[in-house]
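Hi everyone, thanks for coming.

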Amino acid sequence: MFGRTLRNLALLALALAAFFLWPLGVPREKPHPTLVVLGAAQYAGRPSPAFQVRLDHALELYRAGGVHTIVVTGGRQAGDPYTEGGVGVSYLQRRGVPAEVLKAEERSRTTAQNLNYAAELLPPHAAVTVVTDRAHAPRALAMARDIGFNANASPSPLWPHASLRYRLRERLAWAAYLLLDYEGLRTEEFGTQEPGVQDSGDQEPTRGAAQG
């Protein structure tokens, strides 16, 4: 009996190790003409490291040609004069992206809100490429497709010093999204604020006033 329990525990440990160590990714596809950049923290009007790598990746895609619209998402903390969407748009404008290419979504606080509110700025069932970091991309892409986007994803690298805690947390969130009821989880996330930074990990524990 003890031997069977020990064997089962060993199998469970191996399964958990495989889950956390198995590389996740999304298919590499040509970007659509519309990018949706998912928000992360901003610090007093400047993108956080987590946000900046996403914006820089969107900028690379734009400069490569074929991108005509970039929606940058993310709201603000109470009392903060800056929104993530606004900060991201300003960052890209300063690097040469024309104003007519850019749209700021400035209400969202969660991944689901990022996508739902971005959808309000675009035609129904728009073809979009979701831009976020590679740890977050599998979950974000699944959510975008469930919301109704014709979507693919173009992951950015993780920012320097991205924590293991963030990567493990995002993998668990992705598994929960796959295993639980899609519609129910999406509705719950859309209606509530996630604690801390929605996507950018424990490096940025708050969003808004200290974000950028």
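So, which residue in strand 6 is the bridge partner of Val-37? It's Val-131. Quick background: this is a predicted model, where local features need pLDDT of at least 70 and side-chain atom pairs count only at pLDDT 80 or more, while totals for chains, interfaces and linings use all residues. Residues are numbered from 1 along each chain as its sequence is written, and side-chain values use heavy atoms, with hydrogens and water left out.

Back to our strands. Strand 1 (residues 34-37) and strand 6 (residues 127-131) run parallel and pair over four bridges; pairing takes at least two bridges found by DSSP. Strands and helices here are DSSP runs, E with at least two residues for strands, H or I with at least four for helices, numbered from the N terminus.

Zooming out, there's an open sheet of five strands in the order 5-4-1-6-7, paired in parallel. Strand 5 (102-105) and strand 7 (150-153) are at the edges with a single partner strand each, so one side of each has no neighbour in the sheet.

Now the helices. Helix 2 (residues 49-64) packs on the sheet and touches strand 1, strand 4 (69-73) and strand 6; touching means heavy atoms within 4.5 Å. Its direction makes about 175° with that of strand 1, with axes fitted to C-alpha atoms, for helices over the stretch in contact, and angles running from 0 to 180 degrees between N-to-C directions. Helix 5 packs there too, touching strand 6 and strand 7.
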